[in-house]
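Here is a short note to read beside the model. The points are numbered so that each can be checked in turn.

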Amino acid sequence: MPRLADRRARIELLRAAEAAFTERGLAAARVEDITERAGVSKGAFYLHFQSKDDCFKQIVETFIARLADCVEPPPIVFEAERASVNEYFKRLLAHDLEVLEFCWQNRALLRMMLAGGGGTPYAYLIDEFAQRVARQVEGRVRYAIDIGLYRRDLEPSVIAALISGAFDRLVRKLIDAPSRPDIATWAAQVLQLFTHGLLAPEVRAVADLSVMEAPPRSARQTADPAPASASSSERRRSKAKTT
């Protein structure tokens with residue numbers, strides 16, 4: 001009588017495999033490394049997976065499904081009677097922060113998948129996911145234009161490419177960071193930079209951008225000389241006028 005698959009054993013094998021793959025790479029990791037971590041036999045491994053590659057593919061597919069759930073925001077309907085502009089910003093910021101936190105928590109596996117090295121044959125799944133995200137962003141940009149939140153002279157496909165591309169680079173920078181960065185400040189700065197240029201004039205007039213987090217102290221210190229210089233210029237012009 002053939003052995004039946006054990007759901008608990010499969011979960012333990014997937015956890016062990018993910019740890020082995022991120023530490024050693026797909027090519028170097030052995031089935032024995034996985035089974036030893038999981039505390040099961042090689043026979044149990046092949047009961048659940050056809051091969052090491054099949055196990056890795058299932059890990060990648062599961063991870064991308066989880067990432068897709070995280071990236072897809074809950075329904076945010078921008079209606080005057082339901083949410084103010086600033087409430088919309090708060091929800092958007094909370095969503096971006098959740099996505100970046102997810103990427104940070106899963107940085108080892110994500111770094112391996114994005115690098116495409118170490119014998120990883122499924123990097124194309126990340127490319128397909130990135131294309132799907134770009135389409136989602138374009139749809140949201142079109143919706144924001146339709147309801148008057150964003151300017152009507154924008155080309156949605158171009159804006160979507162810029163936003164999704166910027167987040168792709170930001171995630172790569174995040175997962176390569178040697179220590180945990182200030183993710184909340186990163187998310188706030190990205191939102192501020194994008195929305196400042198995208199908002200329709202009438203929306204920008206009522207938007208309280210102070211809802212965004214203040215930049216870190218180092219950034220404020222870097223920006224301090226500019227206002228001081230401007231003040232000196234104004235004093236010189238004022239002195240010139242009196243003379």
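**Notes on the predicted model**

1. Start with Thr35. Thr35 lies in helix H2. The model is predicted, and in it Thr35 has a relative accessible area of 5%. That is under the 20% cut-off, so Thr35 counts as buried. Leaving aside residues up to four places away in sequence, Thr35 touches Leu13, Val40, Ser41, Lys42 and Phe45.

2. Thr35 can be set in the context of its helix. H2 spans residues 31–38, and its buried residues are Val31, Asp33, Ile34, Thr35 and Ala38. What do the buried residues of H2 pack against? Their partners are H1, helix H3 (42–48) and H4. Just after H2 comes Gly39, with a positive phi of about 75 degrees.

3. Now the chain as a whole. The protein chain has 12 helices and 0 strands. Read from the N terminus, the elements run α-α-α-α-α-α-α-α-α-α-α-α. The chain has 243 residues, and buried residues make up 39% of them. Take the contacts between residues at least 6 apart in sequence: 69% of these join residues at least 24 apart.

4. Aromatic pairs deserve a look. A pair of aromatic rings is described by the distance of the centres and the angle of the planes. The count comes to 4 aromatic pairs. One of them is formed by Phe21 and Phe56, at 5.3 Å centre to centre and with 85 degrees between the planes. This pair is edge-to-face, because the angle is over 60 degrees. The pair links distant parts of the chain: Phe21 belongs to helix H1 (residues 7–24) and Phe56 to helix H4 (residues 52–71), 35 residues apart.

5. Phe45 and Phe49 form a tilted pair, with centres 5.3 Å apart and 50 degrees between the planes. Phe45 and Phe49 are buried. Which residues make up the aromatic cluster here? Phe45, Tyr46 and Phe49 form one cluster.

6. A charge also sits over a ring. Arg107 lies over the face of Trp104, and the distance from the ring centre is 3.9 Å.

7. Next, Ile59. Ile59 is found in helix H4. Why does Ile59 count as buried? Its relative accessibility is 6%, and buried means under 20%. Ile59 touches Leu14, Ala17, Glu18, Phe21 and Leu109, not counting residues up to four places away in sequence. Ile59 and Ala17 are 42 residues apart in sequence, yet their C-alpha atoms are 8.4 Å apart in space.

8. H1 and H4 are the elements that give two or more residues to the lining. H1 gives the most, with 6 residues. The lining divides into 5 nonpolar, 3 polar and 5 charged residues. The space in the pocket is about 250 Å³.

9. Arg66 is another residue to check in H4. The place of Arg66 is in helix H4. Is Arg66 buried or partly exposed? Arg66 is partly exposed, with a relative accessible area of 41%. Its contacts, not counting residues up to four places away in sequence, are Phe102 and Asn106. Arg66 and Phe102 are 36 residues apart in sequence and 9.4 Å apart in space, C-alpha to C-alpha.

10. Last, Gln189. Gln189 is found in helix H9 (residues 183–198). Its relative accessible area is 29%. That falls between the cut-offs of 20% and 50%, so Gln189 is partly exposed. Gln189 and Leu93 are 96 residues apart along the chain, and their C-alpha atoms are separated by 9.7 Å.

How values were computed
Residues numbered from 1 in each chain as written. Predicted model: local features only at pLDDT ≥ 70, side-chain atom pairs only at ≥ 80, totals over all residues. Heavy atoms only, no water. Phe/Tyr/Trp six-rings, centres within 6.5 Å; stacked < 30°, edge-to-face > 60°. Helix = DSSP H or I, 4+ residues; strand = E, 2+ residues; numbered from the N terminus. Buried < 20%, exposed > 50% of the residue type's maximum accessible area, 1.4 Å probe, protein only. Lys NZ or Arg CZ within 6 Å of the ring centre and 35° of its normal. 1 Å grid on protein atoms, 1.4 Å probe; cavity = no way out; pocket = protein on both sides within 12 Å on 5 of 7 lines; lining within 4 Å. Points joined across faces, edges and corners; volume = space filled by probe spheres on them. Nonpolar A, V, L, I, M, F, W, Y, C, P; charged D, E, K, R; others polar. Contact = heavy atoms within 4.5 Å.
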